[in-house]
Structures are given as structure tokens and as C-alpha cells.
Amino acid sequence: MLRSSLDLELVSVTKRYGDAVAVDNVTHLFPAGSYVCLLGPSGCGKTTTLRMIAGHETVTDGAILLSGRDISHLPPAKRGTAMMFQSYALFPHMSVRDNVAFSLKMKGEDAASRNRKAGEMLELVGMGHLAARLPAQLSGGQQQRAALARALITRPQVLLLDEPLSALDPFLRLRVRGELKKLQRELGISFIHVTHGQDEALALADQVVLMNNAVIEQAGTARDVFLKPRTEFVARFMGGHNVLSLEGKRYSLRTDRTRIVAPHEGGMNAAVTTSEFLGTHVAVNAIGAGDTELTAMIPEELFTAAPVEPGQSIRVGWHPADLHPLNQ
Ligand code: ATP
């Protein structure tokens, strides 16, 4: 990927709280104009990383550069970044318009100009008709858009989103997810989006950054991180993979490339533990040699034609090319 002068870079960034290291010597380049999802288990350092970029948390060591400028010690409003919080943090006593215009008011911009800009930003997120409402008179999805407009009005180069979809019900989450991606494309700025959800990251991100224990475990395109996990942790965290140990080597194997085969074919004997009907597929879970947990995602019609029962002995097989070696 070409480097651009507008990139955001973390250079050996560390955050310590007393003896605890929340972010450990992280160096990473977030390409300008890209949708990046910061993913990882609870406590891995995602939010701390986001908050340091935003300026809501100090950096213990290292530097944060935006467009080549060291922003590590600038106040949040001077960085060229804006943050949208999980709780949306809208002021309850102010109209949506005044919420969106708030940061411009703080900068001393006159009422006519800030109201016009707030109106434009609300139009952009499809909320123009609700500008006079109070936050309590909005649905969850509408509050989310108001918070988005409020973050974007400062014209940031980088928008930081802390679990922006977590308060929405599953149906709305999918819709708003699509809208976020569209908005990012239209604006051409970088979005850095913290999420717990692998599916969310795969669906949205140009770049997935997977953190574990205060460091980046793997970063790359969604396809790369899913299809070529470097470690067992990545394979297990991203989901959709079995992890196998064969002749002393570790491999990941996609569950949808894991098959139930005839007894004499290559593979591993296993005992079915459960099967789950998932609509298009049935997940057959089994225990193989060495207590290996295996899941085979069988297309629904294949399963229906040859169902298996808990307790049944099966042969689990794969194509050798589908075994992906993992770093030990
Ligand atoms: P989650 O998904 O649960 O929000 P996270 O990946 O965002 O987790 P962080 O909030 O960045 O994780 O926390 C990273 C580590 O730093 C955790 O071990 C956490 O307990 C610790 N930590 C975070 N904030 C503080 C603080 N203000 N004081 C002390 N320790 C903190």
C-alpha cells in the first residue's frame, strides 16, 4: 500500500497504568482514507489505543503522528481527530441541532453559521427533519446518527468510533453498519472503529487490526486476517476455523472446508457431540483424536440427505490444500 502524507502513525506507543501495561510498544500505520477496525478480546488495549489517538488519554511512551505531525501532546480539539462515544454522550437538554453545533459554539462561531453547518451535517446523516428534537425523543439509531453528525462537524481527518453499534438491536446494527461504510467512502476520511465483533470487522474494514495482550497480533485486509491467520489465537478469535495438530505441526482449517467423509478416506476419526441448525448450514461439532474439537459446516441440504446424530462415529476429512500452517 502506498504511504500517504495524511496517514496516522503510532510509533512505539506504550500506555502504562502503574505496573500494568495496557498498550505495549505498538507501532502501526493507519492508511489515510481507510476503514480500520480495531478488534480483540476484552482488556486487550483497543479502547486505550483509541483514546490515546483521540487525546483523551496520555501516551506514556512513543509518538502519534497525523500527516507527519506529532499530535501526541495536543488537546483533543487540536488534533484533526474526532471521537464518537459508545454512549453517544449527547447533551439531554439541548436540541439535536444544538448538540451538533456545540463544538463550533465553543470555537466562537456565530449562530447563523454554526446552525447552517449543523443542518448540513444532519442532512448528510439523514437527520435533517429531526434537528429540533431533544435526544430523549430519538430512537437508538437516530441518537447514533446525531452523535455521528456531532463528531463529523469538526471536519476531522480521522473519526474514532468506540463500539458505535453496540447499543443497537441486531437488525438496526446491520443497517447502520452499511451506512457507516457508505459515509466513510463519501467523506474519504479514515474511520477507526473499535469493536468486539468479528463479523462487524470483516464486513466493514479495509484493514483489520487484531489486538491481544496489549500488542497487535495481526493486521491486514479482512480477507488476509480471516484466510491467513498467523497464530492459533487469530484463527480461534476470528472464528470459522478448526485448529489441528498433525505430526507435531499446527494448522487451521476452515470449518466450511471441513467435511464428513467415508470411513476409509484421509482425515481423522471423531465422535459427534452436537449439531446445530443454522439455516443455510448445519454445524456438526465433534471430538477427534487428542481431544481435538472439530466443527464441520455442512450445507443444509447435504446434512438433510445424510444426517448424523450425537454419539455417532464419523470420519472428518479435508483437502490437504485447505490446511493452513500456523506459527507455533
Ligand atoms: P474492552 O473491550 O473490555 O473495552 P479493551 O480492549 O478496550 O477492552 P482497554 O479498555 O484498552 O481494553 O484496557 C486495557 C487494559 O488496561 C485492561 O487491562 C484495563 O483493565 C486496563 N485499564 C484501562 N483503563 C485503565 C485505567 N484508567 N486505570 C488502570 N487500568 C486501566
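Predicted model: local features only at pLDDT ≥ 70, side-chain atom pairs only at ≥ 80, totals over all residues.
Residues are numbered from 1 along each chain as its sequence is written, and side-chain values use heavy atoms, with hydrogens and water left out.

**View 1. The whole chain, for orientation.** The protein chain carries 9 helices and 18 strands; helices (H or I, at least four residues) and strands (E, at least two) are DSSP runs, numbered from the N terminus. Its C-alpha trace spans about 80 × 45 × 40 Å along the principal axes. Out of 328 residues, 46% count as buried, where buried means under 20% relative accessible area, exposed means over 50%, and partly exposed is in between (1.4 Å probe, protein chains only). The chain exposes about 16,000 Å², with carbon and sulfur atoms supplying 53% of it; accessible areas come from the Shrake-Rupley method with a 1.4 Å probe, and for residues only the protein chains shown count as cover. Looking at contacts (heavy atoms within 4.5 Å), 62% of those between residues at least 6 apart in sequence join residues at least 24 apart.

**View 2. The shell around the ligand.**

View 3. A polar contact here is a pair of N or O atoms within 3.5 Å. Ser-42 uses a polar side-chain atom, 2.6 Å from an oxygen atom of the ligand. Gly-43 has a backbone N or O atom 2.7 Å from a ligand oxygen, and Cys-44 has a backbone N or O atom 3.1 Å from one. Taken alone, the ligand exposes 640 Å², and the protein buries 57% of that.

**View 4. Helix 1 and its end.** Helix 1 is largely enclosed by the rest of the structure, because 7 of its 9 residues are buried. The buried ones are Lys-46, Thr-48, Thr-49, Leu-50, Met-52, Ile-53 and Ala-54. Just after the helix, Gly-55 takes a positive phi of about 90°.

**View 5. Two nonpolar cores.** A nonpolar core is a set of buried Ala, Val, Leu, Ile, Met, Phe, Trp, Tyr and Cys residues joined through side-chain atoms within 4.5 Å. The largest one has 46 residues, and Val-100, Met-127, Leu-148, Leu-159 and Leu-180 make the most contacts inside it. Helix 4 (residues 140-152) supplies the largest share of this core, 6 residues. Leaving out residues up to four places away in sequence, Leu-148 touches Met-84, Val-125, Leu-159, Leu-161, Leu-180 and Leu-183. Apart from this core lies another, of 24 residues, among them Leu-10, Leu-50, Met-83 and Ile-192.

**View 6. Gln-184, a buried side chain in helix 5.** Gln-184 lies in helix 5 (residues 170-187) and counts as buried, at 1% relative accessibility. Setting aside neighbours within four places in sequence, Gln-184 is in contact with Gly-33, Ser-34, Tyr-35, Ile-189, Phe-191 and Asp-206.

View 7. Ala-214 is not a glycine, yet has a positive phi of about 75°. Ala-214 lies in the loop between strand 9 (207-212) and strand 10 (215-220), and is buried with a relative accessible area of 6%. Glu-247, also not a glycine, has a positive phi of about 50° and belongs to the loop between strand 11 (241-246) and strand 12 (249-254). Glu-247 is exposed, with a relative accessible area of 85%.

**View 8. Val-234 in helix 8.** Val-234 is found in helix 8 (residues 232-238) and counts as buried at 0% relative accessibility. Not counting residues up to four places away in sequence, Val-234 touches Leu-210, Glu-217, Gln-218, Val-225 and Pro-229.

Methods:
Polar contact = N/O pair within 3.5 Å; in protein donor to acceptor, adjacent residues only side chain to side chain.
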